[in-house]
Amino acid sequence: MGVFTIIATYIAAAIGTLVIGLAFKWFDRKVTAMVQWRKGPPWYQPVADVLKLLYKETLLPSTARRTGFLFAPAVGLAATALAAAILWSALLRPESGFVGDIIVIVYLLMLPPIMTIFGAIASGSPHAAVGASREMKLILSYELPLILALLVGVIHSGWSLQPWRSAAGVTPLYSISGVIAMLVAIVAMQAKLGQVPFDAAEAECEIMSGVYVEYSGTPLAIIYLGRAMLLAVMPLLLITVLWGGLVATPLGIAAFIGKYVLLVVLVTLIRNTNPRLRIDQAMKFFWMGVAPLGIAAVVLAVLGANWAIKWL
Amino acid sequence: MNWALRKSLWVYHVNTGACNNCDIEVLELLTPKYDIERFGMILVGTPRHADVLAVTGACTRQAQPKLQEVYRQTPKPCVVMAIGSCAGAQGIFTEAYHMGAGVDTAIRAVDPNAIIAYVPGCPPKPEAMIAAAVKAMELIKTL
């Protein structure tokens, strides 16, 4: 693959994911409205939001470290786009050259929350500092379960760090450990997206949008785009690693879209039916509840791989 | 670009000493019956994200400098909605000892060209607020 092809792939995947992400953002708000028996926003709503934010004034707080404050959202967006590019090329052309492995993806998906913390601390606002400390605790809570869940996919594919390559015919989800891993991954995804039970870092009624409190105008638009892209990337990661990826037949593509939409609907429904957890409750939930489940899934998967029991 | 601003007005609610009645009516806008999200309007948690400041209350002396600070923190262009008789003209509290300059005067002191929409009523009906929002959208067209 030439450099040009790589750059073209990156840009195409970034734009494609952006469009999907904005569509999902609208879908999320529309489903929320339907749950609450409202009519909800029109389909172009996320586009209008982004355009408006791009055109509004950008205010810089006098206490902010300007470079860090302005660069953090852009780095987060770029990292999400890169993860999206790797995932899409893994899905669409699993046998082509180097596309990066699962460790790269986990690393890249760590960056958006870390950049959120970085930007929040650079803003110098006490509300953002509270939000940043909560975001940090949240990362410490959900990252281990997420990695454990992805590890189950790796074990099922015969310890390949590119589980989508050898995953032909093996779908980790159709086993006990796979189901547990999927549940763990869905909960971790909810936390990674900062959706409601785990949105203590932004808590808009309590600490005034927390980590994003000082952002306005263009940087806020970039944050909006980054979050929309993350909403498209996380379900994609789960489908790629745990749920069979994309089979290039009409039926396979339909199934892929079905899985994709199903996961986003799940995110929305969890967000609409749960109250916000305090940060200590969220940590306890992940460390005492979800992480042991993830470990159990990994143990089951290892046992299954050792004795060639497929349903384990 | 005006189109985008019209279709996505984010509202920040400022209470400058209201009796809570207008605040309840503002919250009414989010309920299924009125649902302002149809027009792309949502309530946001900080003035830096806002396009509309929904100001309730008579603007007391204590609240006045804070209201002006909130207005400075709002990225322009933005619209101020003075909701209720108190925010419009200080209502029954005119000439009371603890009153500031009034919402519109306080904001004009910061920005003489501020866009201010008045929604009279004690409290105004949610329909009146929606009508004011629509009028604000019409005004934004001319910006």
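Predicted model: local features only at pLDDT ≥ 70, side-chain atom pairs only at ≥ 80, totals over all residues.

Modeller: Along the sequence, the elements of chain B run α-β-α-β-β-α-β-α-α-β-α. That comes to six helices and five strands. The radius of gyration of chain B is 14 Å, close to the 15 Å that the globule rule gives for 143 residues, so chain B is as compact as a globular protein of that length. The C-alpha trace of chain B spans about 45 × 30 × 25 Å along its principal axes. Of its 143 residues, 45% count as buried. Take the contacts in chain B with a separation of 6 or more: 82% of them link residues 24 or more positions apart.

Now turn to chain A. Its secondary structure has ten helices and zero strands. Read in order, the pattern is α-α-α-α-α-α-α-α-α-α. Buried residues make up 49% of the 312 residues in chain A. Among its contacts between residues at least 6 apart in sequence, 78% join residues at least 24 apart.

The two chains touch. On one side are 26 residues of chain A, and on the other 18 residues of chain B. Two elements of chain A give two or more residues each to its side: α2 (45-55) and α8 (217-242). The largest share, six residues, comes from α2(A). By class, the side of chain A that touches chain B has twelve nonpolar, six polar and eight charged residues.

Here is the close look: helix α3 of chain A, residues 66-92. One partner is helix α4 of chain A, residues 102-123. The axes of α3(A) and α4(A) come within 8 Å and cross at roughly 165 degrees. An angle over 145 degrees counts as roughly antiparallel. The two helices, α3(A) and α4(A), are therefore roughly antiparallel to each other. The crossing of α3(A) past α4(A) is left-handed.

Which residues meet there? From α3(A) come residues including Gly68(A), Phe69(A), Ala72(A), Pro73(A), Val75(A), Gly76(A) and Ala79(A). Further along α3(A), Leu82(A), Ala83(A), Ile86(A) and Leu87(A) are also among them. The α4(A) side includes Val104(A), Ile105(A), Leu108(A), Leu109(A), Pro112(A), Met115(A), Phe118(A) and Ala122(A). The residues of this contact between α3(A) and α4(A) divide into 18 nonpolar, six polar and no charged.

Another partner is helix α1 of chain A, residues 3-35. The axes of α1(A) and α3(A) come within 8 Å and cross at roughly 100 degrees. That makes α1(A) roughly perpendicular to α3(A). In α1(A), the residues are Thr9(A), Tyr10(A), Ala13(A), Ala14(A), Gly16(A) and Thr17(A). They meet Ala81(A), Leu82(A), Ala84(A), Ala85(A), Trp88(A) and Ser89(A) in α3(A). The classes here are eight nonpolar, four polar and no charged.

Helix α3(A) runs roughly antiparallel to α4(A) and α1(A) is roughly perpendicular to α3(A). Leu82(A) is among the α3(A) residues that meet α4(A), and Leu82(A) is also among those that meet α1(A). The contact of α3(A) with α4(A) has no charged residues, and the contact of α1(A) with α3(A) has no charged residues.

Note on methods
Residues numbered from 1 in each chain as written. Chains lettered and ligands numbered in written order. Axes fitted to C-alpha atoms, helices over the stretch in contact; angles between N-to-C directions. Helix = DSSP H or I, 4+ residues; strand = E, 2+ residues; numbered from the N terminus. Parallel < 35°, antiparallel > 145°, perpendicular 65-115°, else oblique. Left-handed = near helix turned anticlockwise from the far one by under 90°. Contact = placed C-beta atoms within 7 Å. Nonpolar A, V, L, I, M, F, W, Y, C, P; charged D, E, K, R; others polar. Buried ≥ 20, exposed ≤ 12 C-beta atoms within 10 Å, placed from the backbone. Rg over C-alpha atoms; globule rule 2.2 N^0.38 Å.
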